[in-house]
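The stops below go from one selection to the next.

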Amino acid sequence: MAGTRYLRFVIIAVIALAVVFFISSSPTSQEQLRGVANTVANKINEQLSFNPKTGDAPTGSKSIAQDITEDPLSDTRVEAPTSSNPKTSHPKPKVKADRVNATFVSLARNGDLWDLVASIQQVEDRFNHAYGYDWVFLNDQPFSDEFKKVTTNLISGTTKYGLIGEEHWSFPEWIDQQKAADVREDMKNREIIYGDSISYRHMCRFESGFFFRQPLMLEYEWYWRVEPSIKLFCDIPYDPFKYMADHGKKYSFVLSLHEYKETIPTLWDSTKTYMKEHPEHIAEDNMMSWLSDDQGDSYNGCHFWSNFEVGSLEWLRSDAYTDYFKRLDEDGGFFYERWGDAPIHSIAAALTLPKEQIHFFNDIAYYHVPFTHCPTEESIRVDRKCSCKPEDNFDWNDYACMSRRAS
Ligand SMILES: *[C@@H]1O[C@H](CO)[C@@H](O)[C@H](O)[C@H]1NC(C)=O
């Protein structure tokens with residue numbers, strides 16, 4: 001009876017998947033995992049091929065058996081199937097020839113591993129499985145073997161692990177330690193988020209001035225920043241790096257909001273000094289009107305949320321950007337206030353780039369706690385298999401700076 005056969009098939013498939021899942025979630029070598037996956041697949045094939053009438057395997061068995069036996073990436077890695085839907089397995093990256101000189105980059109600690117894995121899986125499933133772009137990880141401590149093993153196994157491109165030099169993760173010598181400590185104490189009392197954190201300040205300074213100058217990053221022209229626990233809600237069926245390169249874009253964003261003014265009281269003063277010192281770096285068709293409501297006298301706090309960025313490393317390494325960072329670093333606001341890399345990247349982009357070189361990736365649906373960007377056009381959400389709720393889109397919110405965006 002066909003019914004019995006299918007029932008048997010379903011039971012065996014469920015047991016097989018449970019075994020593979022169990023094995024894959026316990027520490028084991030890839031060789032062992034591959035061996036067990038193949039054994040399970042052979043057992044399923046044996047069972048499925050039994051058909052007293054025709055001797056044929058029942059419909060549907062082929063794809064499932066293939067899903068388990070085929071190693072879709074390369075012979076250096078093996079994947080345990082997480083579902084019987086063949087669409088969920090990674091196809092082999094196929095468009096390498098067409099890629100641009102780009103990498104993903106994540107600043108992470110060993111303790112961020114599992115939150116970062118969640119991000120990596122989304123980036124791979126929604127985009128990178130078809131492209132195989134590299135991924136650079138940066139840390140002020142050496143990465144653990146577990147961190148390297150798990151991330152390398154999930155990423156379709158080459159993974160690289162960099163240790164940040166002490167000079168990029170410490171107080172510069174001109175900083176008055178007592179003054180910096182007093183600020184942290186004061187911000188703690190005023191309950192400013194991360195106000196008393198030293199490591200948060202090193203992180204903001206690193207993301208503002210040094211990540212693009214790490215030896216591993218010098219090997220690339222483009223970067224895409226990925227943080228732990230982000231979500232990508234829609235497929236990305238084209239190459240955003242290539243889009244940027246082909247259209248002369250240098251910086252991009254998906255969410256924009258207002259900075260917490262308490263953290264940047266004198267950032268605009270330092271910015272004005274920079275503008276006076278380096279008029280040659282200020283683009284003619286810039287976005288000053290997005291940053292300031294009074295022709296540049298004061299900063300309105302609008303910035304692109306820099307936990308998502310696809311951008312040009314060449315631009316960050318340019319004199320225009322590094323002169324800006326140098327001015328800010330010398331003025332000491334990373335430690336005497338709590339300057340974040342988001343307003344810094346944003347102000348630099350808005351002033352030193354013509355506005356047509358800044359791109360809003362409306363079709364990249366993104367979440368970083370607590371905000372979501374979800375395309376409001378239904379056609380995009382259908383085409384790209386989006387899973388976000390359009391009402392969650394932050395662009396609607398008054399706190400966003402979207403309505404002020406110049407282009
Ligand atoms: C990528 O860009 C970097 C930085 O400009 C350069 O050193 C490197 O040779 C480039 N790699 C390739 C494959 O073109």
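Start at the ligand: select Asn101, Glu219, Tyr220 and Glu221, which surround it. A residue is near the molecule here if its C-beta atom, placed from the backbone, lies within 6 Å of it. By type, this shell divides into one nonpolar, one polar and two charged residues. Ala, Val, Leu, Ile, Met, Phe, Trp, Tyr, Cys and Pro count as nonpolar, Asp, Glu, Lys and Arg as charged, and the others, Gly among them, as polar.

Two notes before moving on. This is a predicted model, in which local features need pLDDT of at least 70 and side-chain atom pairs count only at pLDDT 80 or more, while totals for chains, interfaces and linings use all residues. Residues are numbered from 1 along each chain as its sequence is written.

**Whole chain**

Colour by pLDDT, the predictor's confidence in each residue, from 0 to 100. The chain has a mean of 83, and 74% of its residues reach 70 or more. Select residues 19–90: pLDDT stays under 50 there, and the model has 76 contacts beyond four places in sequence for this stretch. Two residues are in contact if their C-beta atoms, placed from the backbone, lie within 7 Å.

Of the 407 residues in the chain, 37% are buried. Buried is 20 or more other C-beta atoms within 10 Å of a residue's own, exposed is 12 or fewer, and partly exposed is in between, with C-beta atoms placed from the backbone. Among contacts between residues at least 6 apart in sequence, 77% join residues at least 24 apart.

**The core**

Which residues have the most contacts inside the largest nonpolar core? Select Met217, Tyr223, Ala365 and Tyr366; the core they belong to has 78 residues. Helix α14 (residues 341–352) gives the largest share of this core, seven residues. A nonpolar core is a set of buried Ala, Val, Leu, Ile, Met, Phe, Trp, Tyr and Cys residues joined through C-beta atoms within 7 Å. Centre on Ala365 and leave out residues up to four places away in sequence: Ala365 touches Leu232, Phe233, Cys234, His373, Cys374, Pro375, Cys386 and Cys388.

Next go to Met287, in the loop between α9 (267–277) and α10 (288–291). Met287 counts as buried because it has 22 C-beta neighbours inside 10 Å.

Select α4 (residues 113–126). Its 14 residues reach 20 Å from first C-alpha to last, close to the 20 Å expected at 1.5 Å a residue. The expected span is 1.5 Å times one less than the number of residues. Show side chains for Leu116, Ser119, Ile120, Val123, Glu124 and Arg126, which are buried in α4. Their cover includes β1 (102–107), α5 (145–154) and β5 (231–232).

Move to α7, where twelve residues reach 17 Å, close to the expected 16 Å. The buried residues of α7 are Arg201, Cys204, Arg205, Glu207, Ser208 and Gly209, and what covers them includes β1, α12 (319–331), α13 (333–336) and α14. Is Arg205 buried or exposed? Arg205 counts as buried, with 25 C-beta neighbours inside 10 Å. Its C-alpha is 6.3 Å from that of Phe334, 129 residues away in sequence.

**A strand residue**

Asp134 is in strand β2 (residues 134–139). With 20 C-beta neighbours inside 10 Å, Asp134 counts as buried. Not counting residues up to four places away in sequence, Asp134 touches Thr103, Gly157, Thr158 and Lys160. Asn101, one of the residues around the ligand, is 9.5 Å from Asp134, C-alpha to C-alpha, and 33 residues apart from it in sequence.

**Backbone geometry**

Most residues other than glycine have a negative phi, and most peptide bonds are trans. Select Glu191, in the loop between α6 (177–189) and α7 (198–209): its phi is positive, near 55°. Glu191 is exposed, with 9 other C-beta atoms within 10 Å. Gln295, in the loop between α10 and β8 (302–304), has a positive phi of about 55°. Gln295 is exposed, with 8 other C-beta atoms within 10 Å.

Finish at Pro370, in the loop between β11 (366–368) and β12 (371–373). A cis peptide bond joins Val369 and Pro370, with omega about 0°.

Definitions and conventions
Helix = DSSP H or I, 4+ residues; strand = E, 2+ residues; numbered from the N terminus.
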